[in-house]
Amino acid sequence: MDSKITGIGYELPPVVKEVTDETIYNYSMRYSGTYVKMIHVDKASAQRSGFDGLVLQASQTLDFANEMLFKVYRKGVIDNSSIKAVFIKPVLSGDTLTIQGKVKDNKTEGPYPCVTVDIWADNKSNEKVMIGEAVIAI
């Protein structure tokens with residue numbers, strides 16, 4: 001594995017996602033028969049809950065972070081990794097998310113060398129909407 005991507009301070013290439021009604025709806029409806037009047041698929045429900053539009057599921061933000069990690073660490077993200085995140089602020093349709101990560105540690109845990117990556121997502125106003133950490137066995 002390239003030592004550059006395991007070095008402390010390495011910044012992963014960011015992933016930028018435009019959030020639209022369609023991307024929210026398609027993710028939320030990925031399993032047939034799951035439609036209910038909820039803030040992720042029903043604008044009226046979102047408005048009754050105080051939102052101006054559909055609300056992105058937090059798990060979709062986490063999927064974007066996994067995409068960023070996979071682009072760098074590939075198989076390690078699938079085979080032997082953990083990820084923890086805290087969701088700070090709702091993400092609405094029409095927003096743009098920038099998912100970023102930075103290596104904060106590298107060491108051997110058990111039989112595998114691992115990297116620990118701080119991860120976060122900012123909205124188009126540069127406000128944090130998610131913060132977390134991923135540990136990936138290389």
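This is a predicted model: local features need pLDDT of at least 70, side-chain atom pairs count only at pLDDT 80 or more; totals for chains, interfaces and linings use all residues.
**Exercise 1.** Work out whether Gly9 is buried, partly exposed or exposed, and find what it touches.

*Solution.* Start with the location: Gly9 sits in the segment before β1 (15–18). Next, look up its relative accessible area, which is 32%. Buried would need under 20% and exposed over 50%, so a value in between counts as partly exposed. That makes Gly9 partly exposed. Now skip the neighbours within four places in sequence, and you'll find Gly9 in contact with Lys102 and Val103.

**Exercise 2.** Find the buried residues of helix α1 (residues 21–28) and say how they are arranged around its axis.

*Solution.* First, pick out the buried ones: Ile24, Tyr27 and Ser28. Then peek down the axis of α1: these buried residues fall within an arc of 95°, so they line one face of the helix.

**Exercise 3.** Describe the largest nonpolar core and say which element gives the most to it.

*Solution.* Begin with the count: this core has 27 residues. Among those with the most contacts inside it are Leu12, Leu69 and Tyr73. Next, list the elements that give two or more residues: α3, β3 (96–109), β4 (112–122) and β5 (128–137). The top contributor is α3, with six residues. To zoom in, take Leu12: leaving aside neighbours within four places in sequence, its contacts include Leu69, Tyr73 and Val117.

Terms used:
Residues are numbered from 1 along each chain as its sequence is written. Side-chain values use heavy atoms; hydrogens and water are left out. Helices (H or I, at least four residues) and strands (E, at least two) are DSSP runs, numbered from the N terminus. Buried means under 20% relative accessible area, exposed over 50%, partly exposed in between (1.4 Å probe, protein chains only). Contact means heavy atoms within 4.5 Å. The arc is that of the directions from the helix axis to the C-beta atoms. A nonpolar core is a set of buried Ala, Val, Leu, Ile, Met, Phe, Trp, Tyr and Cys residues joined through side-chain atoms within 4.5 Å.
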